[in-house]
Amino acid sequence: MVDPLLVVGLVVALFVGYNIGGANTGPAFGPAVGAGVLSKVGAAGLMSVFFFLGAWTVGRRVVDTLGQDLLTDPGVFTIETSIVVLFFIGGALFVGNYSGAPASTSMTAVGAIAGLGVATGKLDWAVMGEIAIWWIVAPLVGFWVSMVVGRYFYPRINRWIAITSTEGALLELDRTGTVPTPQRGANTTMRELAGAVVVVAIACVMAFSAGTSNMANAIAPLYGAGVSLDPLMILGGVAVTIGAFTIARRTLDTLGSDITTLPLTAAIVVAVISSGIVIGLSAIGIPASFVIIATMSIVGLGWGRATRTVTVSEGLRGEETPPLSKDALAADEPGEEPPEIGEEEPEDVADAGELFDPGTTGRVIVMQNVVPVLSTLGAYGTFRVTFAFWW
């Protein structure tokens, strides 16, 4: 006979996975959907596949960290305590998803488990410290790598891969044969098609990286309580798929068009750098926040792009002050010949148009901090008050 508490635990894990699908689809596929190269349904389908692949391969190490290593006594995880932890993870993430602002699922999950650990005196502070250090270092790495790319390589990358959208559909279905086959739209150029393929491919890499880090957030507590890993992986994959096809539509709108008019070249650069960092951290068992790393990468890319108007020697002598503008990433026209560093005029970089919407950006930043705090304090308070009941 199936334990009713286990059924409840699996249902709550499904709820967490559902919210993870909603929170991660926007950051991964928002640029592709916002650029019109992929529909929301297509984004959800690709998200489901590549998220699961990342979880099934690299993501197992992160499950071990959260389910076995973060607490000095994994026995603290019972079905009952796992249900409470998952409840606070899912509830906090739902708040973020409902607001349309994707929250850090990794920080939310680690916060809830840490709340349990602190309340019971079983938190492994060494492991928690290592995770916290990487949470500080990883965004800084994303910033500096993106800054270097923005200063020295961005205009050339923009010249190679920037997409100039044409009127009409990107792809059309040829129904003359027995089986409809996709073909280029009437006005679609090969460059536009190739660029669209690159954007979608990068989004799939981002979905893969999300799976490596975030599947653990839905299943690690139950895994720590002794439930087999592979069935939990499959259950989590189903839940993420449901979330990607439903609630993710709100975060796709936010990340695809509301928060930024980020050029596709910049979106590709940010995606590659951020995904690489997240996959690398997942391989060593560190849960990482893709959204925070990506945000710092955007800032670094814009800062590096803006400083191209000043050479290193001029900057050291204080002869010029680079215009550190939020508009810098939109400055280059697709296909233009990139000028040398120091040859650009500041107005060519700084006045290219608005990049961030302040209201939406502020809402995302607030929710990035509020959601993990809700899960941490909720779990800690619950286990602290009911300590005698559990143990």
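When I say two residues are in contact, I mean they have heavy atoms within 4.5 Å of each other. With that in hand, take Ile89: leaving aside neighbours within four places in sequence, Ile89 is in contact with Val16, Thr108, Ala109, Ala112 and Asn217.

Quick housekeeping. This is a predicted model, where local features need pLDDT of at least 70, side-chain atom pairs count only at pLDDT 80 or more, and totals for chains, interfaces and linings use all residues. Residues are numbered from 1 along each chain as its sequence is written, and side-chain values use heavy atoms, with hydrogens and water left out.

Gly111 sits in helix 5, residues 105-120 (helices are DSSP runs of H or I, at least four residues, numbered from the N terminus). Is Gly111 buried or exposed? Buried, because its relative accessibility is 7%; the cut-off is under 20% relative accessible area, with a 1.4 Å probe and protein chains only. Not counting residues up to four places away in sequence, Gly111 touches Ser375 and Thr376.

Now, helix 6, residues 125-152. Its 28 residues should span 40 Å at 1.5 Å a residue, and its end C-alpha atoms are 40 Å apart, so the two agree. That expected span is 1.5 Å times one less than the number of residues. Among the buried residues of helix 6 are Val127, Met128, Pro139, Phe143 and Arg151. At the start of helix 6, Asp124 brings a side-chain oxygen to within 3.1 Å of the backbone nitrogen of Ala126.

Terms used: Helices (H or I, at least four residues) and strands (E, at least two) are DSSP runs, numbered from the N terminus. Buried means under 20% relative accessible area, exposed over 50%, partly exposed in between (1.4 Å probe, protein chains only). A polar contact is a pair of N or O atoms within 3.5 Å; within protein, one must be able to donate a hydrogen and the other to accept it, and residues adjacent in sequence count only if both atoms are side-chain atoms.
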